[in-house]
Amino acid sequence: MATYLEFIQQNEERDGVRFSWNVWPSSRLEATRMVVPLACLLTPLKERPDLPPVQYEPVLCSRPTCKAVLNPLCQVDYRAKLWACNFCFQRNQFPPAYGGISEVNQPAELMPQFSTIEYVIQRGAQSPLIFLYVVDTCLEEDDLQALKESLQMSLSLLPPDALVGLITFGRMVQVHELSCEGISKSYVFRGTKDLTAKQIQDMLGLTKPAMPMQQARPAQPQEHPFASSRFLQPVHKIDMNLTDLLGELQRDPWPVTQGKRPLRSTGVALSIAVGLLEGTFPNTGARIMLFTGGPPTQGPGMVVGDELKIPIRSWHDIEKDNARFMKKATKHYEMLANRTAANGHCIDIYACALDQTGLLEMKCCANLTGGYMVMGDSFNTSLFKQTFQRIFTKDFNGDFRMAFGATLDVKTSRELKIAGAIGPCVSLNVKGPCVSENELGVGGTSQWKICGLDPTSTLGIYFEVVNQHNTPIPQGGRGAIQFVTHYQHSSTQRRIRVTTIARNWADVQSQLRHIEAAFDQEAAAVLMARLGVFRAESEEGPDVLRWLDRQLIRLFGQYNKEDPTSFRLSDSFSLYPQFMFHLRRSPFLQVFNNSPDESSYYRHHFARQDLTQSLIMIQPILYSYSFHGPPEPVLLDSSSILADRILLMDTFFQIVIYLGETIAQWRKAGYQDMPEYENFKHLLQAPLDDAQEILQARFPMPRYINTEHGGSQARFLLSKVNPSQTHNNLYAWGQETGAPILTDDVSLQVFMDHLKKLAVSSAC
Amino acid sequence: MAELYVKPGNKERGWNDPPQFSYGLQTQAGGPRRSLLTKRVAAPQDGSPRVPASETSPGPPPMGPPPPSSKAPRSPPVGSGPASGVEPTSFPVESEAVMEDVLRPLEQALEDCRGHTRQVCDDISRRLALLQEQWAGGKLSIPVKKRMALLVQELSSHRWDAADDIHRSLMVDHVTEVSQWMVGVKRLIAEKRSLFSEEAANEEKSAATAEKNHTIPGFQQAS
């Protein structure tokens with residue numbers, strides 16, 4: 001139904017929320033039968049250029065176990081200046097400042113168009129942002145030079161009052177003392193021995209700040225009590241010295257003999273970084289940025305030994321339980337990640353090397369804290385340089401898009417409970433009446449912490465309908481959910497973003513059509529995919545695929561009960577099986593042909609992107625350019641690969657431009673250079689221009705593949721399209737259209753046939 | 001003012017390295033982006049792949065030329081990125097920026113800031129010397145020189161933000177050439193800016209006290 005698509009889109013634009021179901025089943029039993037859980041994708045800091053924040057604090061419900069924020073769903077008695085909380089029904093008095101409100105003079109937070117509203121918190125000291133660079137010096141000369149230049153450049157992009165620090169590591173770990181005069185000093189630690197936070201703080205001579213953060217009142221910016229660490233200094237004071245210091249960095253001096261890897265003490269370096277920030281600036285926005293050019297080979301957190309002849313673990317090794325260091329290393333980084341998240345800091349990993357660097361073991365550092373993971377071949381590539389620059393992109397107001405130290409608090413009306421969340425967060429273990437015992441994702445809590453986030457960070461939040469089957473819901477009744485996100489804005493202001501939504505309950509027996517029409521297949525696909533990828537972290541691959549298949553069969557069995565002989569998909573379900581088909585073949589669930597590091601990298605980005613980008617990852621976009629008309633989307637299918645077409649495929653991680661055979665021949669013959677064939681020149685340029693639009697904005701920067709029929713890099717396209725024609729069925733259609741794919745993979749057609757059979761038989 | 005260009009990525013280190021966009025192009029890209037390519041086509045429910053309406057005849061493609069331009073020209077391509085590699089010459093082609101025109105104002109600005117800490121000024125001075133050495137030695141490219149001239153103009157006109165933006169664009173686009181001395185220029189802009197606002201504040205204060213001194217006791221000065 002066209003109207004539901006509009007409804008869904010408007011809600012996403014306004015509230016940053018996409019629900020799997022937009023009309024909710026009114027009982028637990030019915031909800032379970034719907035197969036796809038009631039869940040939503042929430043982008044807490046969705047960019048809203050049209051929503052200026054209000055400069056006062058939110059009004060809260062006075063019930064201590066509730067504390068919901070005043071919102072448009074609340075009943076208000078303007079005469080008596082009372083409001084009724086829509087979650088717990090408590091009646092609350094308005095604060096004195098609201099004395100002048102009336103039906104015609106409403107505060108913004110009561111107006112329906114402000115279902116999402118942002119408050120600025122005025123009280124409390126505003127602490128500066130902190131950036132701690134942790135730099136691997138076991139790099140090749142060119143790489144190290146390129147990395148140094150990128151770091152020097154970043155000093156020009158940081159805000160002048162941000163604090164910055166530097167730790168370098170190789171065989172030893174060096175913590176650099178930043179000062180404006182005299183000789184530069186550093187503290188050197190052995191890379192083999194892990195230290196506790198206290199030991200690190202003692203050895204660095206750190207003392208806790210004299211005043212707790214909340215009470216500090218800065219006299220002048222220069223004498224700010226926060227800027228008390230010798231290791232973390234404001235950019236405006238230290239940029240010249242730090243530029244020189246970076247310029248003078250040398251490769252790790254310890255010689256690396258033939259057949260050996262350099263000794264890299266990443267585990268201890270990170271440990272020291274975490275301990276340093278813990279001791280000096282807990283509970284304030286900070287990024288630890290780890291730049292590494294190879295795997296950790298020494299000390300706690302080592303991922304592989306220094307003998308080159310023993311390769312780093314592959315998926316095969318892991319399956320055969322042949323990965324010696326994996327468990328211990330993962331545990332080391334998990335402990336660091338949890339401590340960092342508890343301190344409100346985040347860890348980014350920038351890994352540039354031709355071989356693996358241990359992202360599998362270190363991924364929790366980025367995943368639990370909301371930090372970034374960037375994977376490249378070398379620091380001397382445009383992919384790294386530009387991706388790194390984009391971290392410092394500014395929004396329409398000239399502020400950094402990055403935000404820090406967020407806590408997300410979810411409240412539900414009593415018919416719903418919270419089963420869990422999947423995304424770049426950790427649990428705050430807050431129990432309460434809204435928390436379900438059945439966990440999906442990170443559960444057992446109604447609050448999570450997201451230490452690093454930006455306007456695209458998206459969490460999947462899963463709910464459970466708990467209303468009993470025989471408890472009727474009043475006609476026209478609505479369920480409600482409120483999302484409250486406290487965070488530190490990049491301008492260092494503390495803000496609160498509140499989103500309150502409501503949806504209608506419906507009885508499945510009598511209103512199935514209505515519920516079906518309100519199904520959001522795109523959101524449902526991404527939410528199920530996140531569940532699948534979450535499971536894949538702890539279960540065997542084939543088990544996850546079986547689970548996914550079972551869910552799909554049950555879903556369609558449910559909705560085709562009435563007409564088992566002709567399996568028809570209504571509009572609101574038409575793309576869903578396709579999404580599931582491509583998800584099964586995606587690198588998120590198929591580890592074949594990817595290293596463990598690559599799989600970790602893809603999964604990291606999948607678990608945090610918004611809906612549109614997540615869908616691109618599941619089922620890449622394919623556009624066709626030809627003389628026959630304007631560019632058009634085409635089926636991601638081998639039949640779309642034609643001689644007289646140019647294809648542009650976006651998988652999120654790669655942009656592929658593929659020239660059909662005839663186009664390639666014409667290009668080789670040079671027609672684009674002849675004035676009478678100018679339209680051919682335009683045709684060649686069109687996909688390049690569209691690709692450029694994508695490349696200009698995306699984070700992380702995708703790889704760019706420009707290939708043609710018969711080119712070796714055409715494999716990127718061929719491996720993604722549905723192989724409706726293979727060497728097995730080439731002549732089945734009677735005509736040779738499109739390119740056959742050499743594979744034994746199941747095609748979408750075969751998949752759909754099986755689905756129909758199984759869904760119908762399970763329904764009968 | 002900033003350059004707008006795209007150059008290819010580092011093909012030696014990464015065969016699929018994406019192209020590099022200049023700082024000007026990247027900052028332009030901010031703001032809500034239209035998701036240009038996000039549409040999908042549903043698979044046909046009966047299972048056969050959709051056969052596109054117009055297709056070339058089966059068999060090896062003909063080696064004939066593409067349809068000539070005399071046909072109704074296609075609508076211009078969607079998306080209007082600048083052609084790669086072309087640098088718009090927004091200045092008339094004349095003699096390139098003169099070193100003295102750039103160095104002199106910078107030295108002057110430094111002199112103005114001598115009131116501040118000695119260490120900082122020595123550091124800045126050292127870097128300006130390095131800039132001079134590199135310029136004189138022909139080590140700086142034309143775009144860098146051009147933009148430095150612009151930066152100095154902005155600095156002299158007290159347009160601090162614009163000068164800062166140019167310094168940033170130089171650091172992003174030409175870091176290899178400028179990294180050693182650019183931080184000195186950056187600091188100089190910051191020092192000049194704070195000196196200027198201090199002077200302005202002092203002027204306001206002294207104007208206010210002057211006014212007060214001129215007030216005849218017993219009368220309220222109209223403000």
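**View 1. Chain B has 6 helices and 2 strands.** Helices here are DSSP runs of H or I with at least four residues, strands are E runs of at least two, and both are numbered from the N terminus. Going along the sequence, the pattern of chain B reads β-β-α-α-α-α-α-α. Chain B holds 223 residues, and 37% of them are buried. In these legends, buried means under 20% relative accessible area, exposed means over 50%, and partly exposed is in between (1.4 Å probe, protein chains only). A quick word on the ground rules: this is a predicted model, where local features need pLDDT of at least 70 and side-chain atom pairs count only at pLDDT 80 or more, while totals for chains, interfaces and linings use all residues. Residues are numbered from 1 along each chain as its sequence is written, chains are lettered from A and ligands numbered from 1 in the order in which they are written, and side-chain values use heavy atoms, with hydrogens and water left out.

**View 2. Helix α3 of chain B takes in residues 118-136.** How far apart are the end C-alpha atoms of this helix? They are 27 Å apart, which agrees with the 27 Å that its 19 residues should span at 1.5 Å a residue; the expected span is 1.5 Å times one less than the number of residues. Buried in α3(B) are Val120(B), Cys121(B), Asp123(B), Ile124(B), Arg127(B), Leu128(B), Leu131(B), Gln134(B) and Trp135(B). After α3(B) comes Gly138(B), with a positive phi near 70°.

**View 3. The second largest cavity has about 50 Å³ of space.** Searching the whole structure turns up 5 cavities of 30 Å³ or more. A cavity is a set of points on a 1 Å grid over the protein atoms alone where a 1.4 Å probe fits but cannot get out, and lining residues have an atom within 4 Å of a point. The lining of the second largest cavity includes Gln619(A), Pro620(A) and Val634(A), along with Lys39(B), Arg40(B) and Val41(B). In total, this lining splits into 7 nonpolar, 1 polar and 2 charged residues. Nonpolar covers Ala, Val, Leu, Ile, Met, Phe, Trp, Tyr, Cys and Pro, charged covers Asp, Glu, Lys and Arg, and the others, Gly among them, are polar.

**View 4. A few backbone spots in chain A deserve a look.** Most residues other than glycine have a negative phi, and most peptide bonds are trans. Phe699(A) and Pro700(A), though, are joined by a cis peptide bond, with omega about -5°. Pro700(A) belongs to the loop between α18 (678-697) and β27 (703-708). Lys67(A) has a positive phi, near 60°, and lies in the loop between β3 (39-42) and β4 (75-77). Lys81(A) also has a positive phi, about 55°, in the loop between β4 and β5 (82-84).

**View 5. Cys138(A) and Cys352(A) are too far apart for a bond.** Cys138(A) counts as buried at 11% relative accessibility, and Cys352(A) counts as buried at 1%.

Note on methods. On a 1 Å grid over the protein atoms alone, a cavity is a set of points where a 1.4 Å probe fits but cannot get out, and a pocket is an open set with protein on both sides within 12 Å along at least five of seven lines; lining residues have an atom within 4 Å of a point. Grid points are joined across faces, edges and corners, and a volume is the space filled by probe spheres set on the points. A disulfide is a pair of cysteine sulfur atoms within 2.5 Å.
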